[in-house]
Amino acid sequence: MQPKVSIIILILEDTRCFIDCIASLNKITYGNFDIFVVHNGPKSKALEKKLALLSERITEVIDTGENLGFARGNNIGIRQALRKGAKYILILNNDTVVSPDFLDILIDAGKENPDAGMLGPNIYFHAEPQKIWFAGAKFDEETGRVSFPKAGKIAGDECPKPEESDFITGCAVLVKKEAIDKIGLLDERFFIYWEDVDWGLRSKRVHYRNLVVPSSRVWHKVSITVGGENSALKVYHKTRNHLLFVSLHAPNTKAKLMLRFIRDIAWLLLKSSELSRIQKARAYFAAIIDYHLGKTGRGPHWLWTNN
């Protein structure tokens with residue numbers, strides 16, 4: 001009687017982290033699940049053969065033809081999974097490792113909380129397995145910013161009961177089919193970053209709750225796929241998409257946010273001693289300009305060639 005869960009995993013060309021992720025999924029205790037791998041790139045028979053050897057749970061490998069970004073790539077997988085009868089969708093980063101019972105715990109919490117549209121585990125740093133990376137978030141409409149009250153704390157004897165959050169990180173989020181039917185898919189204008197915050201707030205808007213379930217555990221190899229925690233590529237997409245996000249959810253904060261970005265640029269150019277300061281300042285400038293021009297997608301070519 002277990003509801004069918006389809007796990008959507010987005011990959012690029014580098015499958016080193018993905019192999020660890022699949023190895024951990026092969027050990028989970030939940031029975032009724034399959035995996036859709038969305039390859040954000042051109043069709044590759046060699047890659048498909050390689051992936052087929054990793055798990056018999058991989059139902060399909062979908063080649064997008066190019067890097068379409070996090071939101072659009074995952075949407076392709078979600079649509080296909082729903083067509084094939086999924087009752088729950090789990091979006092999972094390829095640079096994660098999961099505990100064997102993580103999915104059982106999330107599904108049980110979903111059954112016990114029918115008003116929960118999205119559920120997520122506690123997520124820890126892979127390099128520091130007891131240190132929390134995500135365990136809930138709060139959106140402040142007055143500033144347009146998000147805070148993470150438990151991030152960076154060392155795991156202790158946390159309350160095992162689910163706790164409400166304004167959104168569940170796209171690193172690992174379980175979504176009920178009926179919630180997707182109401183709120184729609186990820187907004188594809190967000191190439192990467194802020195799409196999960198937008199999704200969570202849209203969920204709350206139609207009176208679903210977003211729940212973090214602390215006894216469900218996942219470990220994350222942070223920001224490997226975007227060149228590191230503080231790369232110019234990350235600066236560009238976080239900046240451009242933050243501006244898009246506040247225009248949708250907190251438009252009165254946009255002027256303050258712009259001022260903050262301008263101060264960041266000034267600090268990089270005038271006070272910072274880091275080697276990448278010019279590249280990051282350039283990323284800020286490009287993000288602000290592209291937001292005002294209404295551009296979406298991958299962003300400037302130089303961001304990817306220099307990443």
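I sort residues by relative accessible area: buried means under 20%, exposed means over 50%, and partly exposed is in between, with a 1.4 Å probe and protein chains only. With that settled, here are my notes.

**Entry 1: ground rules**

I am working on a predicted model, where local features need pLDDT of at least 70 and side-chain atom pairs count only at pLDDT 80 or more, while totals for chains, interfaces and linings use all residues. I number residues from 1 along each chain as its sequence is written, and side-chain values use heavy atoms, with hydrogens and water left out.

**Entry 2: salt bridges**

I counted a salt bridge wherever a side-chain nitrogen of Lys or Arg is within 4 Å of a carboxyl oxygen of Asp or Glu. How many salt bridges does a search of the whole structure find? My search turned up 16.

I looked at Lys-43 and found its side chain paired with that of Glu-48, at 3.0 Å from N to O. Is Lys-43 buried or exposed? Lys-43 has 57% relative accessibility, so I noted this lysine as exposed. I also saw that a network of salt bridges links Lys-43, Glu-48 and Asp-63.

**Entry 3: a bridge between a strand and a loop**

For secondary structure I used DSSP runs numbered from the N terminus: helices are H or I with at least four residues, and strands are E with at least two. Next I checked Glu-163 and Lys-150, whose side chains form a salt bridge at 2.7 Å, N to O. Glu-163 belongs to strand β10 (residues 163–164) and Lys-150 to the loop between β9 (145–147) and β10, so this pair ties together parts 13 residues apart in sequence. I have both down as partly exposed: Glu-163 at 27% relative accessible area, and Lys-150 at 25%.

**Entry 4**

I then moved to helix α5 (residues 177–183), which holds both Lys-177 and Asp-181, four residues apart, or about one turn of the helix. Their closest N and O atoms are 2.9 Å apart, in a salt bridge. Lys-177 is partly exposed, at 27% relative accessible area.

**Entry 5: a nonpolar patch**

My patches take residues with over 30% relative accessible area and no salt bridge, joining like charges within 9 Å and nonpolar side chains (Val, Leu, Ile, Met, Phe, Trp, Tyr) within 5 Å. Areas come from the Shrake-Rupley method with a 1.4 Å probe, and for residues only the protein chains shown count as cover.

Which residues make the nonpolar surface patch? I listed Leu-269, Leu-270, Ile-278, Phe-285, Ile-289 and Leu-293, covering about 640 Å². Helices α8 (254–270) and α9 (277–292) each give two or more residues to this patch. The most come from α9, with three.
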